[in-house]
Amino acid sequence: MVSVTRNVFGELPLGGGTVEKFQLQSDQLRVDIISWGCTITALEVKDRQGKASDVVLGFAELEGYLQKQPYFGAVVGRVANRIAKGTFTLDGKKYQLPINREPNSLHGGLRGFDKVLWTPQVLSNGVEFSRVSPDGEEGYPGELKVWVTYTLDGGELVVNYRAQASRATPVNLTNHSYFNLAGQGSPNIYDHEVTIEADTFLPVDETLIPTGDIAPVQGTAFDLRKPVVLGTHLQDFHIDGFDHNFCLKRSKEKHFCARVYHGGSGRVLEVYTTQPGVQFYTGNFLDGTLKGKGGAVYPKHSGFCLETQNWPDAVNQPHFPPVLLRPGEEYDHTTWFKFSVA
C-alpha cells in the first residue's frame with residue numbers, strides 16, 4: 001500500500017504561484033517531491049536496525065531551492081548534461097543556447113526544467129507532473145510536452161519520463177538527486193561501496209565535454225564493475241572524484257546500472273534504467289557554503305549522483321546514441337531506484 005498526501009510547500013515570489021509538496025509513503029520508503037522542478041526534497045530509508053534517515057541532500061524550505069544551488073533533487077532538461085559551446089545544428093539550422101557553465105550549456109540552460117513550476121496530478125501510488133516547454137524556450141526548437149511520474153512500490157522509487165515534440169529537438173531528461181546513504185548531512189561518501197555495470201566510459205576534455213572516444217574501463221580508475229570503496233579508490237588512483245558518463249547497455253529494456261552499499265547502516269541503493277548512460281558524480285563542486293536540512297552543510301564529496309541519461313553532447317556526436325525526438329515519436333524512459341538493507 002502507498003499513501004499520497006498533498007500540502008503547500010511555499011509561495012513563489014512576485015505571485016509566481018504556489019509550490020506543493022507530495023509525500024509518498026510505502027512500508028519501506030517515504031519520499032517528498034515538490035512541484036518546483038519535480039524536485040525530490042527528502043527520501044527516508046530504514047537502516048538494518050529499522051531506523052529511518054533522510055538520504056538525499058536538499059533544503060527544508062522553498063527559499064533554499066530558489067537560491068543558486070547545484071540542482072539538488074531536481075529534474076533537469078530539456079537536455080541534461082553539457083552541450084559543447086551551447087551550440088548544435090539540426091536539419092541544416094544552427095542553434096545557439098545560453099552559455100550557463102562556461103564555455104558550455106549545462107542542464108537545459110539558465111532556466112531549465114529544474115527552475116519552473118510543474119502541474120501535478122495525484123495518482124493512487126504516486127504523482128505525475130506535466131508541463132509544456134514552449135517553442136524556443138532556452139533556445140531549443142519546437143514545443144515539448146513533458147510528463148514526469150514518480151511512483152512507489154515497496155522499497156522502489158520509479159521515475160518515468162515522457163515527452164512529445166512539435167518539431168525535431170534534442171531531449172535528455174534525468175533526476176539530479178544527491179545521495180548519502182549514511183544520511184544527508186554526513187560529512188562524506190568515502191565509506192560507500194560502488195559498483196557500476198559499464199565496460200566503457202567517456203573521457204572528457206578540460207571543460208567536461210566528451211572527447212568522442214568510447215574508452216574501455218579495464219585497467220583504469222573507471223573500472224567499477226566490481227565493488228570499490230570510494231575513498232580508498234580515489235586515493236589509489238589519485239583522482240579528485242568522478243563526473244563522467246558510464247556507458248550502459250544500449251537496450252530500451254530495463255537493465256542494471258549501479259549498486260551502492262553503505263556498510264555502516266546496511267543501506268543499499270540499486271539503480272536500473274532504460275537509458276544508455278549514467279553520469280556518476282561525486283559532488284566535486286560542493287564546497288560547504290550551502291546550509292541544508294537540519295543545519296547540515298554540504299562539503300565536497302558529501303553526496304553522489306547517479307544521473308541516468310543519454311550521453312553528454314550526443315547532439316554533436318553522431319556515433320553517440322540518438323538524442324533527437326521528432327514529431328510523432330514519444331520519448332519514454334524509466335529509472336528505478338531500489339532501496340534495501342544488507
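Predicted model: local features only at pLDDT ≥ 70, side-chain atom pairs only at ≥ 80, totals over all residues.
Asn-81 sits in the loop that runs between strand S6 (75-76) and strand S7 (82-83). Leaving out residues up to four places away in sequence, Asn-81 touches Ser-105, Leu-106, His-107, Gln-279, Gln-309 and Pro-312. Some of those names will come back.

UniProt, in an unreviewed entry, puts the feature "binding site" at Asn-81, Arg-82, His-176, Ser-177, Tyr-178 and Asp-243. From this set, Asn-81, Arg-82, His-176, Tyr-178 and Asp-243 belong to the lining of the largest pocket.

Now step back for the whole chain. The protein chain holds 2 helices and 27 strands. For 342 residues, a compact globule would have a radius of gyration near 20 Å, and the 19 Å of the protein chain agrees with that. Along the principal axes, its C-alpha trace spans about 60 × 50 × 40 Å. Buried residues account for 59% of the 342 residues. If you take the contacts between residues at least 6 apart in sequence, 66% of them join residues at least 24 apart.

Back to the annotated residues. Which residues does UniProt cover with "active site"? The unreviewed entry gives His-176 and Glu-307. They are spread over 132 residues of sequence, yet they cluster in space, with a largest C-alpha distance of 6.0 Å. Both His-176 and Glu-307 are included in the lining of the largest pocket.

Take His-176 to begin with. You'll find His-176 in the loop between strand S16 (174-175) and strand S17 (192-196). His-176 is buried, with a relative accessible area of 3%. Not counting residues up to four places away in sequence, His-176 touches a stretch of names that includes Pro-70, Tyr-71, Phe-72, Gly-73 and Ala-74, and among its other contacts are His-107, Tyr-281, Cys-305 and Glu-307.

Ser-177 lies in the loop between S16 and S17 as well. Ser-177 is buried at a relative accessible area of 2%. Its side chain and that of Asn-175 are joined by a polar contact of 2.6 Å. Setting aside residues up to four places away in sequence, Ser-177 touches Ile-40, Val-56, Gly-73, Phe-304 and Cys-305.

Is Glu-307 buried or exposed? Buried, with a relative accessible area of 2%. The side chains of Glu-307 and His-176 make a polar contact at 3.4 Å. Apart from its neighbours within four places in sequence, Glu-307 is in contact with residues including His-107, Thr-174, Asn-175, Gly-277 and Val-278.

S25 is part of an open sheet of 5 strands with antiparallel pairing, in the order S19-S18-S21-S24-S25. Strand S19 (215-216) and strand S25 (305-309) are the edge strands, each pairing on one side only. At the S19 end, 2 bridges join S19 to strand S18 (residues 200-201), and the two run antiparallel. Thr-200 has Pro-216 as its bridge partner in S19. At the S25 end, S24 and S25 pair in the antiparallel sense over 5 bridges, and in S25 the bridge partner of Val-278 is Thr-308.

Val-278 belongs to strand S24 (residues 277-281) and counts as buried, at 0% relative accessibility. Beyond its neighbours within four places in sequence, the contacts of Val-278 include His-244, Asn-245, Leu-306 and Glu-307. Asn-245, in turn, has its place in strand S21 (residues 243-247). Asn-245 is buried too, with a relative accessible area of 2%. Again leaving aside neighbours within four places in sequence, Asn-245 is in contact with residues including Phe-201, Val-278, Gln-309 and Pro-312. Gln-309 and Pro-312 are also among the residues that Asn-81 touches, which brings us back to where the walk began.

Key
Residues numbered from 1 in each chain as written. Heavy atoms only, no water. Pairing = 2+ DSSP bridges. Helix = DSSP H or I, 4+ residues; strand = E, 2+ residues; numbered from the N terminus. UniProt positions renumbered as here; feature names shortened; annotations may be inferred. 1 Å grid on protein atoms, 1.4 Å probe; cavity = no way out; pocket = protein on both sides within 12 Å on 5 of 7 lines; lining within 4 Å. Buried < 20%, exposed > 50% of the residue type's maximum accessible area, 1.4 Å probe, protein only. Contact = heavy atoms within 4.5 Å. Polar contact = N/O pair within 3.5 Å; in protein donor to acceptor, adjacent residues only side chain to side chain. Rg over C-alpha atoms; globule rule 2.2 N^0.38 Å.
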